[in-house]
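Please read them beside the sequence and the structure.

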Amino acid sequence: MLTLIEGARLVVTQDDRRTRIPGGFVLVRDRVIEAVGSGDPRGVERIERRIDARGKVVLPGLVNTHHHLPQTLTRNVPRVQEAPLFHWLTELYEVWRGTDAAAVDVAARVGLGELLLTGCTTTADHLYLFPRGQERLIDAEIAAARELGIRFQPTRGSMSRGQAQGGLPPDDVVQDEETILADSRRLIREHHDPRPGAMVRIALAPCSPFSVTDDLMRRTADLAREHGVRLHTHLAETLDEESYCQQLYGCRPVEYLRRRGWLGPDVWLAHCVHLSPEEVSLFGGTGTGVAHCPTSNFRLGSGIAPVRAMLDAHVPVGLGVDGSASNDTSNMLAEARQALLAHRIGADPSRWVTAEEALWMATRGGARCLGRDDIGSIEPGKCADIVLVDTRRLSYAGASSDLVAALVFSPFPAPVDTSMVDGRVVVESGELVGVDVPALVEKADAIAEGLLRRASERTGRNYFEKG
Ligand SMILES: [Zn+2]
């Protein structure tokens with residue numbers, strides 16, 4: 001099928017030359033972008049679908065590099081609204097252990113729906129807590145993603161170091177290494193598509209230095225490289241983690257990873273707030289990617305990642321909304337704005353992150369973190385992942401001097417007008433296609449309440465009140 005997106009106010013290609021085309025068009029054949037230019041395409045046979053882009057900015061779909069979709073059901077939980085990471089985690093493990101496939105299905109639909117509505121067309125996810133008897137949670141996410149039509153890179157998360165082994169999570173929510181590795185192999189076999197244009201790719205992701213064993217880190221890296229899939233984990237998120245690594249391993253978190261063969265162009269790491277200048281250079285030299293999650297880092301008081309230094313050192317940096325228990329939304333354009341604002345306090349203005357850089361991280365930077373050169377820009381041959389933002393809104397009035405900056409500087413209250421993923425229109429006139437949102441919200445609220453109620457009963461703490 002031939003689709004023409006025509007008459008755009010501006011096409012923001014995000015190609016290497018950062019080309020912008022006023023009055024542009026994008027021609028899509030089936031799942032792939034065929035041409036982009038200004039005015040009308042020449043010599044084209046019959047167009048079967050036309051998308052009116054008048055008054056709209058057309059940009060490549062954004063790429064989210066870090067999320068925990070099940071957390072969508074544990075937003076702003078009163079007990080942990082003011083808790084830093086380790087306290088927040090130990091309280092929330094008790095809630096998350098009640099998760100099942102039905103909860104994950106609803107949570108994924110909420111989070112993925114929000115991502116699509118805010119311009120994201122490809123997302124990673126990191127699911128690492130598997131309550132006993134609930135081993136197919138990632139499969140439930142994949143099914144929801146396929147139905148909603150978002151490009152998906154779920155990571156097989158894992159925790160193998162429970163409290164008995166000096167880890168943070170309770171012993172009965174961690175799994176043994178053989179179970180984790182066998183399920184990782186199964187997910188790769190059943191779902192990983194290495195081909196260009198893939199809608200689902202699997203990556204492997206032990207949770208963090210304080211919740212996995214040494215051996216699992218090494219064996220996971222070996223398994224990933226054997227199958228050509230990428231590696232992901234949380235790193236250097238807080239100073240508590242740094243002290244933990246010093247005490248347990250006698251080194252800093254980055255050194256801990258380096259010793260286990262975990263730095264390289266096939267690895268991207270969430271947060272990396274507490275990196276030394278030498279560690280930033282090491283990431284640049286090895287091509288190790290970073291999922292920058294500024295909102296989550298603010299919310300948990302973790303700190304501000306040295307993103308300017310990372311960009312200077314050519315570290316691949318993408319953006320991550322992170323899980324909804326620490327954001328508490330899956331809004332990609334809002335995250336780009338947060339990245340724009342996060343690096344200004346106390347920094348020389350010449351070192352501030354610009355709107356263009358924030359948008360670059362949200363597109364090309366994210367694509368690089370996920371190891372994909374087929375998404376992140378509007379160019380012939382790339383996947384047809386395209387979003388249209390209607391600038392005929394009050395929030396963009398008076399902002400026409402720089403429309404690209406307007407997308408990032410604006411708090412972005414409205415959904416994107418149109419979102420196309422892999423040639424399929426999944427958001428139309430600002431609405432998710434084929435999703436009954438009020439019914440979904442009702443279901444999400446009911447399950448979320450049940451999770452908190454059961455956690456309260458189990459622990460004797462009241463999760464509906466501040467702790
Ligand atoms: Zn995370």
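1. Ser429 lies in the loop between strand 18 (424–428) and strand 19 (431–432), where strands are DSSP runs of E with at least two residues and helices are runs of H or I with at least four, both numbered from the N terminus. Its phi is near 50°, a positive value in a residue other than glycine. Ser429 counts as exposed because it has 9 C-beta neighbours inside 10 Å; by the rule used here, 12 or fewer other C-beta atoms within 10 Å make a residue exposed, 20 or more make it buried, and anything in between is partly exposed, with C-beta atoms placed from the backbone.

2. The model is a predicted one, in which local features need pLDDT of at least 70 and side-chain atom pairs count only at pLDDT 80 or more, while totals for chains, interfaces and linings use all residues. Residues are numbered from 1 along each chain as its sequence is written.

3. Asp30 also has a positive phi, near 55°, in a residue other than glycine, and it sits in the loop between strand 4 (24–29) and strand 5 (32–38). Asp30 is exposed, with 12 other C-beta atoms within 10 Å. A cis peptide bond, with omega about 10°, joins Asn327 and Asp328, and Asp328 belongs to the loop between strand 15 (317–319) and helix 11.

4. For the chain as a whole, there are 14 helices and 19 strands, and 55% of the 467 residues count as buried. Along the principal axes, the C-alpha atoms fill a box of roughly 70 × 50 × 45 Å.

5. Helix 2 (residues 101–117) and helix 14 (residues 437–459) have axes that come within 10 Å and cross at roughly 130°, the axes being lines fitted to C-alpha atoms over the stretch in contact and the angles running from 0 to 180 degrees between N-to-C directions. The two helices are therefore oblique to each other, since angles under 35 degrees count as roughly parallel, over 145 as roughly antiparallel, 65 to 115 as roughly perpendicular and the rest as oblique. Residues in contact, meaning that their C-beta atoms, placed from the backbone, lie within 7 Å, include Ala102, Val106 and Arg109 in helix 2 and Leu440, Lys443 and Ile447 in helix 14. The residues of this contact divide into 9 nonpolar, no polar and 2 charged, with Ala, Val, Leu, Ile, Met, Phe, Trp, Tyr, Cys and Pro taken as nonpolar, Asp, Glu, Lys and Arg as charged, and the others, Gly among them, as polar.

6. Helix 11 (residues 332–342) and helix 12 (residues 355–369) pack at about 135°, with their axes 9 Å apart, which makes helix 11 oblique to helix 12. Met332, Ala336, Ala339 and Leu340 in helix 11 meet Ala355, Ala358, Leu359, Met361 and Ala362 in helix 12. This contact consists of 9 nonpolar residues, no polar and no charged.

7. Ala140, in helix 3 (residues 137–148), counts as buried with 22 C-beta neighbours inside 10 Å. Leaving aside neighbours within four places in sequence, Ala140 is in contact with Ala101, Val104, Asp105 and Ala108. Ala140 and Ala101 are 39 residues apart along the chain, yet their C-alpha atoms are separated by 6.1 Å.

Methods: Contact = placed C-beta atoms within 7 Å.
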